[in-house]
Amino acid sequence: MATVEVIVDNLVALWRIPAVRQHFPWIFLLISAVGSVLKELDLVPQTYFSSSKNVLNVYFVKMSWMWTLLLLTPFLLLSNSSFNKNVSFLARRLLSLAVATAVWYICTETFFYIEDVTGSCYETGTMDVVKKEFTSKATCRHAGFHWHGYDISGHSFILAYSALFIVEETAPMASLKTASLSALPRMVLNLLYVALNLIVIIWLWMFACTSVYFHDTSHKLLGTICGLLGWYLTYRVWYPNPWSPGLPPQRHSKEQKQRA
């Protein structure tokens, strides 16, 4: 497990660089804008990732929130209990998962609703014959036709929001490197931390692929902005207040006592 320890040390050092944490959210807007320009100019050649059937899209992006919660929930429980075993403290920290899930659900359902109310059903992808008897995307698709509406990019939203959410909630790892943990919890935390960082890399890569291969420019930019707003309004506006789930702890409890 020495190799895992080295990887964890390097990842912790990377995320402790102030410029990396400060500019990470803006990377998504930059990628979305530049990728959209490249798509409009048709400058990026078709690759394996230009197909929506690529393995990362089918098995990871389409289940992105499941992967995020599957890895982040045990990490959050284990890491936060190392700071404070108080039940109310852990419950508040778990509430951040519920809040994030609510943000994900509300935004994605809103995107579906907007596409429904702004769209029409067409017989072919060229949108030459309107099928007025179908008034929703679900019934139109079920009949084998094509629905065209204002399709805010759910991929741009969820990949940006999920990556920012993971980065915020894994921040305590920097303090846990000096905490006195037994071998098994330490190993589990390290493996979860590496897996979560790998997921962030996958989300970044697939976000870039979405930007250069799919959706219209406004659809991607609006989806990205929604992801950034979901992160900003929780972790920068709401969570610093006492009447909230609170921010992830940044120091071990022993260090807090020494500084008190």
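The lining of the largest cavity comprises five nonpolar, no polar and three charged residues; here Ala, Val, Leu, Ile, Met, Phe, Trp, Tyr, Cys and Pro count as nonpolar, Asp, Glu, Lys and Arg as charged, and the others, Gly among them, as polar. The model is predicted: local features need pLDDT of at least 70 and side-chain atom pairs count only at pLDDT 80 or more, while totals for chains, interfaces and linings use all residues. Residues are numbered from 1 along each chain as its sequence is written, and side-chain values use heavy atoms, with hydrogens and water left out.

**The cavity**

- The structure holds one cavity of 30 Å³ or more. A cavity is a set of points, on a 1 Å grid over the protein atoms alone, where a 1.4 Å probe fits but cannot get out, and lining residues have an atom within 4 Å of a point.
- The largest cavity contains about 50 Å³ of space; a volume is the space filled by probe spheres set on the points, and grid points are joined across faces, edges and corners.
- Its lining is formed by Arg21, Phe24, Pro25, Leu164, Val167, Glu168, Trp231 and Arg236.
- Two or more lining residues come from each of helix H2 (18–40), helix H7 (154–169) and helix H10 (217–238). Helices (H or I, at least four residues) and strands (E, at least two) are DSSP runs, numbered from the N terminus.

**Salt bridges**

- Side chains of opposite charge can pair when their charged atoms come close.
- The model has four salt bridges, each defined as a side-chain nitrogen of Lys or Arg within 4 Å of a carboxyl oxygen of Asp or Glu.
- Glu168 and Arg236 are joined by a salt bridge between their side chains, at 3.0 Å from N to O. Glu168 belongs to helix H7 and Arg236 to helix H10, so this pair ties together parts that are 68 residues apart in sequence.
- Glu168 is buried, with a relative accessible area of 8%, whereas Arg236 is partly exposed at 40%. Buried means under 20% relative accessible area, exposed over 50%, and partly exposed in between (1.4 Å probe, protein chains only).
- A network of salt bridges links Arg21, Glu168 and Arg236, and these residues are also among those that line the largest cavity.
- Another salt bridge brings together the side chains of Arg93 and Glu169, at 2.4 Å from N to O. This pair links distant parts of the chain, with Arg93 in helix H5 and Glu169 in helix H7, 76 residues apart. Arg93 and Glu169 are both buried.
- The side chains of Glu115 and Lys137 also form a salt bridge, at 3.1 Å from N to O. Glu115 is in helix H5 and Lys137 in helix H6, 22 residues apart. With a relative accessibility of 5%, Glu115 counts as buried, while Lys137, at 22%, counts as partly exposed.

**Aromatic pairs**

- There are 20 aromatic pairs. Rings of Phe, Tyr and Trp (its six-membered ring) pair if their centres lie within 6.5 Å; planes under 30 degrees apart count as stacked, over 60 as edge-to-face and the rest as tilted.
- Phe111 and Phe157 form an edge-to-face pair, because their ring centres are 5.6 Å apart and their planes stand at 90°. Phe111 is in helix H5 (residues 87–118) and Phe157 in helix H7, 46 residues apart, and the pair links distant parts of the chain. Both Phe111 and Phe157 are buried.
- The pair of Phe134 and Phe145 is tilted, because the ring centres are 5.5 Å apart and the planes lie at 50°. Phe134 is in the loop between strand E1 (120–122) and helix H6 (137–142), and Phe145 is in the loop between H6 and strand E2 (146–148), so the pair ties together parts that are eleven residues apart in sequence. Phe134 counts as partly exposed, at 22% relative accessibility.
- Ring pairs also join Trp65, Trp104, Tyr105, Phe111, Phe157, Tyr161, Phe165, Tyr235, Trp238 and Tyr239 into a cluster.

**Positive phi angles**

- Asp42, a residue other than glycine, has a positive phi near 55°. Asp42 is placed in the loop between H2 and helix H3 (55–59) and counts as exposed, at 62% relative accessibility.
- His215 is not a glycine either, and its phi is positive at about 65°. His215 is found in the loop between helix H9 (183–213) and H10; at 23% relative accessibility, His215 counts as partly exposed.

How values were computed:
On a 1 Å grid over the protein atoms alone, a cavity is a set of points where a 1.4 Å probe fits but cannot get out, and a pocket is an open set with protein on both sides within 12 Å along at least five of seven lines; lining residues have an atom within 4 Å of a point.
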